[in-house]
Amino acid sequence: MGGRRAWVVWGTGVVAYLIAVTQRTSFGVAGLEATERYSAGASALSIFTVVQLLVYAALQIPVGVLVDRVGPRLLILAGAVLMALGQVQLALSETVGAGIAGRLLVGAGDALTFISVLRLLPAWFESRRIPVLTQLTGIIGQLGQVVSVVPFAALLGAAGWSTAFLSAAGLSALAVVLAVAVIRDAPQRQPRAKTGLRQTGISLAQAWRQPGTRLGLWSHFTVQFPGTVFVLIWGYPYLVRAEGVDPVGASALMTLFVAVGIVSGPMLGLYVSRHPLRRSTMVLAIASGIAGCWLAVLLASGPAPLWLLTLLIVALALGGPGSMIAFDFARTFNPSSRMGTATGIVNIGGFVASLVAMYGIGVILDVLYARGLSGDDLYALGSFRIAMAFQLVILAAGAAAILIVRRTVRRRMAEQGVVVPPLREVLARERARRRAARSEGTNEGNSA
Ligand SMILES: N[C@@H](Cc1c[nH]cn1)C(=O)NCC(=O)O
């Protein structure tokens, strides 16, 4: 376990995930070209992304169940095939309907990938390594966005729509070859228990009834969406049009977002492996940080100062790696035979919250504009702030759900003899220990 072969298998899985994130985000950088190609307006184009995310979210449970039954390799392979077909379809499509069919295939293939790559970890690595590797999987995968924004966008500009999307399809074809050649479910061939539909239903129900799975779901729900919404759709127009940040400054803030995610991921992974009883406390701390920064930005008189916007970006960026803690709940509270199923349940949370927030912000902006409350600017600062405040409602609901489920989790743990001491007590004990260590040091100094 954990030898060279394990790193190669996991590394290949991560490359497949990075390629999936490239396919996921490639349409986002082709908005202007898509408007021309399909002669479509903004709302028609938004259907492409909504359909893709809906398919992704809807497939999480079936995929989670499947990965436990057929293993991750086959699903990573099938995911790459679907994404290659989807991008070919998009490359050749000339109508909105045909284009959406392409994105639907991409969403389906994407849905198969992440859960399957996480499922490789417990088969190949010791459990103490998994929190950091989970974080690294997320971080490296997110670099797929950079592939979309830099080489893909350049190819789109230079060679046009069909060439760019056919090349993206080529990347997924490469993932197919790599998956066939390198990825194996486990170091040794393992007999897979034959599970019928009834057993699958039972396993799904067991994963859902496990409060640790639901703690993961709500953790993912609460801290993943604010960053996703900001980066995928509303962040740039908010910074530039509402807060008056110049485009170069806005791009720098978006880059800071990626950098903070990369630096903080491994740190959070280490925290999780050292303090497994304080994982939800970290999730709640990140959620409070995001809510606090948003409140300060939204309540600022006039445009928010740059230092405050920078702080907001840092808090939002922590949400990505913070949401990976959710998968650790799925893994540690479920037997490995149900891990895929539990991971699928958890992964729905952030994507549902993101869809609700993205749509809600758009609707609020439209309503305020239609009622004449935004003057002649859809993105007026006052209106955008009201719309962005909608996220605080979702954050509060998520945090409340975490607190409620956590109580059940801790009660169950106490029944099994694991008591989580209140944070107050732990901090007081730690202060006393430090005081004692200091006074011991002073006494030793005096007697020397
Ligand atoms: N939390 C994200 C991944 C992530 C890690 N760091 C920033 N974002 C997640 O849930 N990913 C699922 C997926 O399919 O990408």
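The dialogue below goes through the ligand, the salt bridges and the surface.

Tutor: Please note that this is a predicted model, in which local features need pLDDT of at least 70, side-chain atom pairs count only at pLDDT 80 or more, and totals for chains, interfaces and linings use all residues. Residues are numbered from 1 along each chain as its sequence is written, and side-chain values use heavy atoms, with hydrogens and water left out.

Student: How many residues surround the ligand?

Tutor: A residue is near a molecule if one of its heavy atoms lies within 4 Å of it. Here 15 residues surround the ligand, and the closest are Tyr 17, Arg 24, Tyr 56, His 220 and Ser 323. The shell divides into seven nonpolar residues, seven polar and one charged. In this scheme Ala, Val, Leu, Ile, Met, Phe, Trp, Tyr, Cys and Pro count as nonpolar, Asp, Glu, Lys and Arg as charged, and the others, Gly among them, as polar.

Student: Which element gives the most to the shell around the ligand?

Tutor: Helices are DSSP runs (H or I, at least four residues), numbered from the N terminus. Helix α13 gives the most, with five residues.

Student: What distances separate oxygen atoms of the ligand from the side chains of Arg 24, Tyr 56 and His 220?

Tutor: An N or O atom in the side chain of Arg 24 is 2.8 Å from an oxygen atom of the ligand. For a polar side-chain atom of Tyr 56 the distance is 2.3 Å, and for an N or O atom in the side chain of His 220 it is 2.7 Å. The protein covers 92% of the 390 Å² of accessible area that the ligand has on its own; such areas come from the Shrake-Rupley method with a 1.4 Å probe, and for residues only the protein chains shown count as cover.

Student: Which side chain meets that of Arg 24 in a salt bridge?

Tutor: Side chains of opposite charge can pair when their charged atoms come close. A salt bridge is a side-chain nitrogen of Lys or Arg within 4 Å of a carboxyl oxygen of Asp or Glu, and by this rule the count comes to eight. Arg 24 meets Asp 110 in one of them (2.6 Å, N to O). Because Arg 24 lies in helix α1 and Asp 110 in helix α5, the pair ties together parts that are 86 residues apart in sequence.

Student: Is Arg 24 buried or exposed?

Tutor: Buried means under 20% relative accessible area, exposed over 50%, and partly exposed in between (1.4 Å probe, protein chains only). Arg 24 counts as buried because its relative accessibility is 17%, and Asp 110 is buried at 2%.

Student: With which residue does Glu 243 form a salt bridge?

Tutor: Its partner is Arg 385, the closest N and O atoms being 3.3 Å apart. Glu 243 is in the loop between α10 and α11 and Arg 385 in helix α15, 142 residues apart. Both Glu 243 and Arg 385 are buried.

Student: Which residues form the nonpolar patch on the surface?

Tutor: Patch residues have over 30% relative accessible area and no salt bridge; like charges are joined within 9 Å, and nonpolar side chains (Val, Leu, Ile, Met, Phe, Trp, Tyr) within 5 Å. This patch includes Ile 140, Leu 143 and Val 263, and its residues together have about 710 Å² of accessible area. Its largest share, four residues, comes from α11. Val 263 is in helix α11, and Val 263 counts as exposed because its relative accessibility is 51%.

Technical notes
Helix = DSSP H or I, 4+ residues; strand = E, 2+ residues; numbered from the N terminus. Polar contact = N/O pair within 3.5 Å; in protein donor to acceptor, adjacent residues only side chain to side chain.
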